[in-house]
Amino acid sequence: FMHFTAWHATQNLQSTLPLHPTVSGTTALGIVYITHCLSGPMAPTIIQRLGPRLCIVIGQLCYGTFIAAQLFPRPYTIYPAATLVGLAASPLWAAQGLLITHFAVGFATARRSSDMASATGIFNGVFECAYGALTNIVGSVLSSLAFTFGEHVVQPDGSPARPTDATVHALFSLFLCFLFIGVALVVFGLPAKFCTPPPPQQQRTLWTTLRLLKERRMVMVLPLVVSSGLLSGFVTADFTRSVIVPSLGFDSIGFVIAINGSAGALAFLVLGKAIDAVNRSAVVAIGLGGFGTMICALLLFPPPSPGSWFTVCLIGVAGSIGNAAMTNAVVAYLSASFLDGKTAEAFGCKVFLGAGAQAASFFTSDLVEVRPKLAACTVVLVVGCVSFWLVEWEQRRNTVSNRASGKRPEAQVKTAYV
């Protein structure tokens, strides 16, 4: 929580923060996510060598280099730090997915549940609520408070006033303190004996991860991963710069993101529970409705007029609900469908494609207009939803068939985890 409070606030400011003239914040984020993508297939091998907890700690420290680089933003500080973040992020996120699945399966085992995946939805929902939503709220409010009450520099071209360097430095120094507190909590508050998932059934290499991309159960969910990555990058960069700032001003960025994050936090919790109680296909339909509302509002209607708080927040909330639904559905699907010792590889593939899509979104932020980008995202989103619904229908059909024939697929899961 402490770590990503600092990171999310830093990331959300990259497209609008007054950096050095030779530095582009969106290019830096593009570098983060393209290296994140390229290092994704190697994540399971790194986790096997170092262990999940150490991967998380090293990843947190690497994130800190990018936050520290904001104190002296130059090409030789920002871009290398962005590369370091991307390389460390893949093992961190694959380790996170592995541990959440490990904890969820342990919880289901303690409850003597016949379905080892019965708690993956709520466990991932609670995590995503804290990581994806509450950290956005706290970090964004801190940013807006600092920029509202800090000193500003009036722009000669009449654009919104920008915070002074002293204000920016104070904010990122605070974020660095948050990050180090997060590292300390992981090191001293997460005992290693609780962070040791069962060993994989085979030696993990780059090729074991890449081979998973050929399996149908993985291929069918990848379009949804890509569409979520594209839209996540759009919200972080384009929505902030092209919608929030022109309508509400620079100082309002954090408050709008905090409102969106509040809606996202509630959606993560409710939908995480709904996945376990209902099914993942219904949650994806909700996600399609949320993202579809945001896309239609930006494609079919004029840009929000200055001071249109309600309109801007409504569009952002729709996107937050869509993101919460898609994220919950994808991580719950991976946790439940790859309990055969391939959990880390599955999350490594998700990182590979999702981060690549986000990188593409950031790199095209300065090159492609909002409307063409949203039109492309719409096509990928629809394909992703249809593909996901199809693979879910196939899995339910196979489950019914196995039960009718008296087979117990859960036995294989227990063999892998108990």
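**Figure 1. The lining of the second largest pocket, sorted by residue class.** In this predicted model, the lining of the second largest pocket is made up of 18 nonpolar and five polar residues, with no charged ones. The lining counts 23 residues, and the pocket that they surround has a volume of about 610 Å³. Several helices take part here: α1 (2-12), α4 (52-69), α5 (75-110), α6 (120-149) and α7 (165-189) each give two or more residues to the lining.

**Figure 2. Helix α1, an enclosed element.** Let us stay with α1 (2-12), one of the helices that line the second largest pocket. Eleven of the eleven residues of α1 are buried, so the helix is largely enclosed by the rest of the structure. From one end to the other, these buried residues are M2, H3, F4, T5, A6, W7, H8, A9, T10, Q11 and N12.

Figure 3. Helix α3 covers residues 43-50, and its buried residues are A43, P44, T45 and I47.

**Figure 4. Helices α12 and α13 side by side.** Here helix α12 (residues 280-300) meets helix α13 (residues 309-337), with axes that come within 7 Å and cross at roughly 150°. At that angle, α12 is roughly antiparallel to α13. The crossing in which α12 passes α13 is left-handed. Which kinds of residue make up the contact of α12 with α13? The contact of α12 with α13 divides into 17 nonpolar residues, seven polar and one charged.

**Figure 5. From α13 on to α14.** Helix α13 also packs against helix α14 (residues 343-363), at an angle of about 150° and with the axes 9 Å apart. Since angles over 145 degrees count as roughly antiparallel, α13 and α14 are therefore roughly antiparallel to each other. What is the handedness of the crossing of α13 and α14? The crossing of α13 and α14 is right-handed, whereas α12 passes α13 in a left-handed crossing.

**Figure 6. Helix α14 with α2.** Turning to another partner of α14, we find helix α2 (residues 25-39), and the axes of α2 and α14 come within 7 Å and cross at roughly 160°. With this angle, α2 and α14 are therefore roughly antiparallel to each other. The crossing of α2 and α14 is left-handed.

Figure 7. F234 sits in helix α10 (residues 222-248). Is F234 buried or exposed? With a relative accessible area of 1%, F234 is buried. Along the sequence, F234 and Q358 are 124 residues apart, while in space their C-alpha atoms are 8.1 Å apart.

Figure 8. A88 is found in helix α5, one of the helices that give two or more residues to the lining of the second largest pocket. A88 is buried, and its relative accessible area is 10%.

Key. Residues numbered from 1 in each chain as written. Predicted model: local features only at pLDDT ≥ 70, side-chain atom pairs only at ≥ 80, totals over all residues. Heavy atoms only, no water. Axes fitted to C-alpha atoms, helices over the stretch in contact; angles between N-to-C directions. Helix = DSSP H or I, 4+ residues; strand = E, 2+ residues; numbered from the N terminus. Parallel < 35°, antiparallel > 145°, perpendicular 65-115°, else oblique. Left-handed = near helix turned anticlockwise from the far one by under 90°. Nonpolar A, V, L, I, M, F, W, Y, C, P; charged D, E, K, R; others polar. Buried < 20%, exposed > 50% of the residue type's maximum accessible area, 1.4 Å probe, protein only. 1 Å grid on protein atoms, 1.4 Å probe; cavity = no way out; pocket = protein on both sides within 12 Å on 5 of 7 lines; lining within 4 Å. Points joined across faces, edges and corners; volume = space filled by probe spheres on them.
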